[in-house]
Amino acid sequence: MEPKKIIIDTDPGIDDAMAIFLAFKSPEVEVIGLTTIYGNVYTTLATKNALHLLEVAGRTDIPVAEGSHVTLTKATKLRIADFVHGADGLGNQNFPPPKGKPIEQSAAAFLIEQANLYPGKITVVALGPLTNIALAIQLDPAFAKNIGQIVLLGGAFSVNGNVNPATEANIFGDPEAADVVFISGADVVAVGINVTHQAIMTDADRDKLAQSNGKFAQYLCQILEVYFSYHHDAYAMRGVYLHDPTALLVAINPSLFTYTEGVVRVQTSGITRGLTLFDNRQKRFAEITEWTDKPTVKVAVTVDAKAVVKLIMDRLMDS
Ligand SMILES: [Ca+2]
């Protein structure tokens with residue numbers, strides 16, 4: 001079977017690095033581009049980090065298209081997560097700047113071009129705030145139909161968020177963009193922290209990673225310390241959540257998860273700004289609601305966490 005063409009929209013980010021490396025070790029997918037976005041770091045640094053990670057992987061043949069520097073509503077007061085991933089986004093290692101440059105095209109233009117080139121064939125794996133994807137949807141009315149699938153890491157479905165009790169970080173980064181994506185009519189699969197919080201790399205796993213000869217394992221052990229100490233402080237746990245690589249696995253092996261389907265809307269104001277609200281359709285409301293007659297999406301509900309962690313570990317340790 002031909003590998004599935006994927007574009008990873010990313011804000012690297014320590015777990016983004018894991019996801020990108022995992023993709024390179026997965027014969028089921030072919031990475032045809034990276035697009036960058038603010039989130040863990042500002043967009044300019046996300047682009048640098050994406051280029052750096054491609055150089056680490058020896059995959060400088062893959063284009064990087066720089067994404068938006070502002071939210072869909074042109075907000076510039078962005079929340080970044082340097083306290084999770086380090087000031088450089090990659091564990092405060094001060095790696096030398098990459099030699100490569102992003103392509104001239106914007107992330108949204110690149111997404112639109114590739115979706116037109118391979119209609120129905122491309123999966124976007126969105127691992128940061130959804131601004132680039134929303135821009136592509138707004139710029140090209142055919143994008144939602146042309147794109148094969150959008151697998152996104154975002155949302156906290158029926159659980160507390162990780163920015164505040166209401167909201168998860170990627171959705172909080174651009175709630176307006178997220179709402180555009182959720183009701184775009186595209187084939188969307190959302191993986192929220194209700195699922196990714198079950199996939200944990202423990203201290204023991206990290207030791208295993210350190211003992212492996214794999215190039216990616218060695219690199220990751222260099223950058224993981226900041227991420228582990230953040231989790232220790234924030235969650236009192238000895239391990240880290242594997243958010244981004246777990247979401248990527250939906251594109252690789254969807255059968256590791258179960259899903260439900262329905263309309264998701266995103267709260268864009270007030271104290272619950274960024275809240276993802278799934279209509280479980282257990283009631284037929286008398287009134288027309290903001291969910292009525294909107295396109296549905298799939299939302300991951302359960303995960304075979306043991307299999308997910310094993311697959312991520314095995315592939316990252318592969319030399
Ligand atoms: Ca990310």
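Trainee: Is Asn94 buried or exposed, and how is that judged?

Mentor: Count C-beta atoms, placed from the backbone, within 10 Å of the residue's own: 20 or more others is buried, 12 or fewer is exposed, and in between is partly exposed. Asn94 counts as exposed because it has 10 C-beta neighbours inside 10 Å. This is a predicted model: local features need pLDDT of at least 70, side-chain atom pairs count only at pLDDT 80 or more, and totals for chains, interfaces and linings use all residues. Residues are numbered from 1 along each chain as its sequence is written.

Trainee: What is the phi of Asn94?

Mentor: Phi is near 50° there, a positive value in a residue other than glycine. Asn94 lies in the loop between helix 3 and helix 4. Asn92 is found in the loop between helix 3 (82–85) and helix 4. Asn92 has a positive phi of about 55° and is not a glycine either. It is partly exposed, with 13 other C-beta atoms within 10 Å.

Trainee: How many helices and strands are there?

Mentor: Both are DSSP runs, numbered from the N terminus: helices are H or I with at least four residues, strands are E with at least two. The protein chain has 13 helices and twelve strands.

Trainee: Which residues of helix 4 are buried?

Mentor: An α-helix has 3.6 residues a turn, so residues three or four places apart point the same way. In helix 4 (residues 107–117), the buried residues include Ala107, Phe110, Leu111 and Gln114. Among the elements covering the buried residues of helix 4 are strand 1 (4–10) and helix 5 (131–139).

Trainee: Which way do the residues of strand 6 point?

Mentor: In a regular strand the side chains alternate between the two faces of the sheet. In strand 6 (residues 188–191), Val188 and Ala190 point one way, Val189 and Val191 the other, and all are buried.

Trainee: Which strands pair with strand 6?

Mentor: Two strands pair if DSSP finds at least two bridges between them. Strand 5 (residues 149–153) pairs with strand 6 in the parallel sense over four bridges. Leu153 stands opposite Val191. Strand 12 (residues 297–303) also runs parallel to strand 6, joined by two bridges. There, Ala190 stands opposite Val299.

Trainee: What does Ile150 touch?

Mentor: Contact means C-beta atoms, placed from the backbone, within 7 Å. Leaving aside neighbours within four places in sequence, the contacts of Ile150 include Val124, Ile133, Val181 and Val188.

Conventions
Two residues are in contact if their C-beta atoms, placed from the backbone, lie within 7 Å.
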